[in-house]
Amino acid sequence: MPRRYFPMSTDDQLRFPDGFLWGAATAAYQIEGGADAEGKGPSIWDTFSHTPGKVFHGDNGDVACDSFHRYGEDIALLKRLGVGSYRLSLSWPRIQPTGRGEVNAKGLDYYNRVIDGLVEAGIEPSVTLYHWDLPQALQDAGGWANRDIADWFGEFAAIAGEAFGDRVSRWITLNEPWVVAHVGYRDGRHAPGIQDPALAVAANHHLLLAHGNAVSALRASSAAPVGITLNLTVERPVTPEAAAHAAVLEARQNGVYLDPIFHGRYPELLDGDASFSPAAAGHVRDGDFEIIGAPLDFLGVNFYAPHYVGMLHADGEPRRGETVTGPDTVSIQPDGLPITAMNWLVEPGSIRELLTRIVAPVTGALPVYITENGSSWHDYVTQDGQVNDLERIAYLRGHLAAVHGAIADGVPVKGYFAWSLLDNFEWAEGYAKRFGLVYVDFATQERLLKRSGEVYASIVAANALPK
Ligand SMILES: CO[C@H](O)c1c[n+]2c([nH]1)[C@H](O)[C@@H](O)[C@H](O)[C@H]2CO
C-alpha cells in the first residue's frame, strides 16, 4: 500500500486530510416515531417491537426521539456539532405504505422538509435507502427471502432518486445487509424474527440483487455518488488452530458481500457450504453478478469492535470470558480489554486492522467512509445537568486515532460518521442502550449535548485530534 503523504500531524495533534468529511448518523425507525402518521404503513419493526418478548422492556419505535416532529431540533444539534454531513435513512413504508405501487405524498413531504432543512443549514444529506424497516406488506410476501424484492427495492430507489436526488449528496443503498439476512432470518434476534438458515442465505443473495438494482435506479435519477454500507468483522484467532475458523467467520460475514460486489463471486472458502453460500445453495442465476457488481463510488464501513475466536476446550466447557459459538469454537473476551454497555470490546487498533487488512486489499483506491462507529455506556445526567461520558470520549479518540493511522497507511478514508447523533431505539435492546453524542430524555424528548458531543465538535472544528 503506497504511503500517502500529507502533513499528518504536528507536535500536539493528529490532523486529518483537508476536506475530510465529518458526520453523525441515525436511522428512521430508531429516531422518527410517527409510526402511523400521515399515511405511513407498518414496517416489520413496528410488528416486531409490538410482539411481546422481542424487545427489551417491551420498548417500541412508536415515538422514539419524535424526530418526525423534532427534526428541526436535530438539525440545530448537527449545526452545533459543526458536521459537514448527516447520515439519515428513509422509511420505505412512509414513502410506499405497502412497499409497492402507491406513493404516499405526505411521506415524501416529510423527507423533503428534512433534506431542505439540512441543505439550508449547509449540511450534506447522506441518505441510506434501507436501514432495516421493511414494509410489513412485503414481509407478508416473503420479504428478503423472495427474489422479487430485488425489483420492489429498485422501484423504491427510483422513487427516492426522483424525489430527492437533486439535493442528496451521497446515497447508501443498504445498511448492513449481513444483519438483515443473518440476524433477521437466521438467528431471529431482529425483525422479522425468523430462524431459518435457508431463508437467510436466500436473503443474502436477494439483498445484493436489490442493491444492484438500486444502484442502477439511482444512477438514472441522481448525480450523487452511490455506495453500500457493510458491517465488516475483524476475527482474531487466539491460537494457530483457531486461525482457520477465524477465516471462515470472516468469509461468512465479510466475503459474502465483498466478494460478490467486487469480485463477481461468493467466497471460495464457502464453496459447498449451502448454509452460508448463496452459490452453494443454488440462488445464483446467469447475469446476477453483473447486477450485483454495479460499480460504486465509495464503500461505507460500520465497525465497533473486534472478535477473538478460540477453540473449545476438550471437556466442552467454556472457561471464564468464553462463549461457545460453534461445535468446537468459542468467542473470547480477553482480560484487560474494556467492554461497553453492549458487552462489546474496546480495542481501537482493530479499526485500523479492518481498514488495512480487510478493506483496502479489496477496494484499492475506492473512497471509504466510516459510516458508523461509536459506543454505548450507562449515561446519566448529573445534578448540574451534564453527561460526563468520559468512556465514550476515550472510545472516540482512540478510534479516530486508529482511523488516522489507517489513512497514513494509505487507505483512502474520506469521512467519519459518529454513531449516533442521538440516543435512540437500539433495536432489540430498546432504549436501554445509549449511543448518542446527544442525550435524549425520552419522557420529555429534551435533547442534551453530552461531553462527548462537545469534544466531537472541537475535533470537527479543528479537523484534528489533539494527541
Ligand atoms: C455490531 O455492530 C454493528 O455493525 C452495528 C451497530 N449498530 C448498527 N450496526 C446499526 O447500523 C445501527 O442501527 C445500530 O444502532 C448500531 C449500534 O448497535
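These entries record what I looked up in a predicted model of a protein with a ligand.

**Ground rules.** I number residues from 1 along each chain as its sequence is written, and my side-chain values use heavy atoms, with hydrogens and water left out. Since the model is predicted, local features need pLDDT of at least 70 and side-chain atom pairs count only at pLDDT 80 or more, whereas totals for chains, interfaces and linings use all residues.

**Overall form.** I looked up the secondary structure and found 14 helices and 17 strands, taken as DSSP runs numbered from the N terminus (helices H or I of at least four residues, strands E of at least two). The C-alpha trace spans about 55 × 55 × 45 Å along its principal axes.

**Ligand.** I then turned to the 14 residues around the ligand, of which Gln30, His131, Glu176, Glu372 and Glu426 come nearest; a residue is near if one of its heavy atoms lies within 4 Å. For polar contacts (pairs of N or O atoms within 3.5 Å), I noted that a polar side-chain atom of Glu176 lies 2.7 Å from a ligand nitrogen, that a side-chain N or O atom of Asn175 is 3.1 Å from a ligand oxygen, and that a side-chain N or O atom of Tyr304 is 3.5 Å from a ligand nitrogen. The protein covers 86% of the 420 Å² of accessible area that the ligand has on its own, by the Shrake-Rupley method with a 1.4 Å probe.

**Helix α10.** I checked α10 (residues 240–263), which has 24 residues, and found its end C-alpha atoms only 28 Å apart, short of the 34 Å that a straight helix would reach; the expected span is 1.5 Å times one less than the number of residues. A kink of about 55° is centred on Gly255, the bend being the angle between axes fitted to the seven residues ending there and the seven starting there. Gly264, which follows α10, has a positive phi near 65°.

**Backbone in loops.** I listed a cis peptide bond from Ala191 to Pro192, with omega near 5°, and placed Pro192 in the loop between α8 (177–182) and α9 (197–221). Another cis bond joins Trp419 and Ser420, with omega about 10°, and Ser420 sits in the loop between β14 (413–419) and β15 (438–441). Asp66, although not a glycine, has a positive phi of about 55°, and lies in the loop between α2 (44–49) and α3 (67–81).

Definitions and conventions:
Polar contact = N/O pair within 3.5 Å; in protein donor to acceptor, adjacent residues only side chain to side chain.
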